[in-house]
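Here is a briefing on one protein chain. Look at the fold first, then read the points below.

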Amino acid sequence: MHWMVKTDRGDEIQARYIIVSSGSLNRPKLPGLPGIEKFKGHTSHTSRWDYDYTGGSSTGGLDKLGDKRVGIIGTGATAIQSIPHLGAAAKELYVFQRTPSSVAERGNSKTDPDWYKTLKHGWQSDRNDNFTMLLLGNAVEEDLVNDGWTELFKSLGELMDGSGATELSNEELNLLGEIVDYQHDNRVRERVENTVKNSEVAEKLKHWYRPWCKRPTFNDDYLPTFNRPGVKLIDTAGQGVERVTEKGVVVNGVEYELDCLIFATGFEVDRANYTRQADVEIIGRNGKTLGEHWAEGMRTYQGFMSHGFPNCFHMGFTQTGYTPNFTYMGDNQSKHLAQLLVDAAKRGVKAMEPTEQAEADYLALVTAPNQMTDYLASCTPGYYNGEGADKGKDNGFLQGHYPEGGLEFYKMLKKWRDKGDYDGMDVSY
């Protein structure tokens, strides 16, 4: 069995296996605002930054904005990085906010050369494992990363005060989690109060949702930017921008005239719309496309293969074991596929694909309600929960993954490989 792959140049290549990665965020998402096409000023998306217009480079120095009124829609992770540079360069900056981000201290410092010399071979893998274990709630002897991401989970351990997780009920663990979240969020909100001089602006910059409803951010320059006289926060109280006109942006009936409008509105993250995001269509048995097979949502076995698409493997956030560290995820997925394909070659396997039943059983496993289901359902709309999709939908960034987490997922794959019978697969030789 071979795949026929056509390149951008029109060349056709035969391949025994095809591996498609869905881990990239490549298709910019623009807000569906009335009148967005009417604006006569300059527009750009943060992923398609126009340095010819702004001047400067990715390190800053946007020296062509000194006489410009700039607006930016969005206050997520990308905007947190962009706004300090825009605020320093523009004559006026209007920040249009639907939902404030949680912005904690970043506190970067230079790497100590003497410390670096002490690192031994394999230190990157050790740190990856350590970080992943901490963020999945596992106890570790030492926090090798020691940053804002791991702080929250260490706080949970301190609150438990040595109590074993097995001694606590799910209700008790959930309550402890809420307490830790509240303590953490109070520290972040207090940081806003201590940094932003205008108390009304500070109140609007405080987030009031749990930490994992949206991507936590860490930046030392974002909050101080709102102390600049030319920077204005236009808070929409969760409603978003009303509309766009030829001259600017309207919020609560007030028009803000702009020379330039920047969209910090992220990327498409609908995991069921995978083939559109990847800009590729895969045609399986009987002419059925992967887009058709996933029309009602992603369908895989172990996150890597789909019934009807032999020798086609997926990589990325395709119902695998979620980990916050992309490097850890990509490294382990690559190792699994490499070992599987080497073993298949030794056995003389010509084609493999999951059975329809194995795919259905795995789909039921990863889409069943779990602790994150209720957690995300209480969150404001965002890409983590598929913009507030109904319960049972798994199109959000943190939905539809192996329920026991990344560490147990890769242990499960090893056991499956070691068993050696390709359980759940149709194999031909």
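Two strands pair if DSSP finds at least two bridges between them. Helices (H or I, at least four residues) and strands (E, at least two) are DSSP runs, numbered from the N terminus. This is a predicted model: local features need pLDDT of at least 70, side-chain atom pairs count only at pLDDT 80 or more, and totals for chains, interfaces and linings use all residues. Residues are numbered from 1 along each chain as its sequence is written, and side-chain values use heavy atoms, with hydrogens and water left out.

- Val244 stands opposite Val249 in E11.
- E10 and strand E11 (residues 248–251) run antiparallel and are joined by two bridges.
- Three strands make up an open sheet in the order E10-E11-E12, with antiparallel pairing.
- The edges are strand E10 (243–244) and strand E12 (254–257); each has a single partner strand, so one side of each lacks a neighbour in the sheet.

**The chain as a whole**

- The chain has 14 helices and 16 strands.
- It comprises 429 residues, of which 44% count as buried. Buried means under 20% relative accessible area, exposed over 50%, and partly exposed in between (1.4 Å probe, protein chains only).
- Among contacts in the chain with a separation of 6 or more, 64% are between residues 24 or more positions apart. A contact means heavy atoms within 4.5 Å.
- The chain exposes about 22,700 Å², and carbon and sulfur atoms supply 48% of that area. Accessible areas come from the Shrake-Rupley method with a 1.4 Å probe; for residues, only the protein chains shown count as cover.

**The disulfide**

- The count comes to one disulfide, defined as a pair of cysteine sulfur atoms within 2.5 Å.
- Cys213 and Cys379 form the disulfide, with their sulfur atoms 1.9 Å apart.
- The pair links distant parts of the chain, 166 residues apart. Cys213 lies in the loop between helix H7 (199–204) and strand E8 (217–218). Cys379 lies in the loop between helix H13 (371–377) and helix H14 (405–419).
- The link of Cys213 and Cys379 is left-handed, with -70° about the S-S bond.

**Cysteine burial**

- Cys213 is buried, at a relative accessible area of 3%.
- Cys379 is also buried, at 10%.
- Cys260 has a relative accessible area of 1% and so counts as buried.
- Cys312 is buried too, at 0%.
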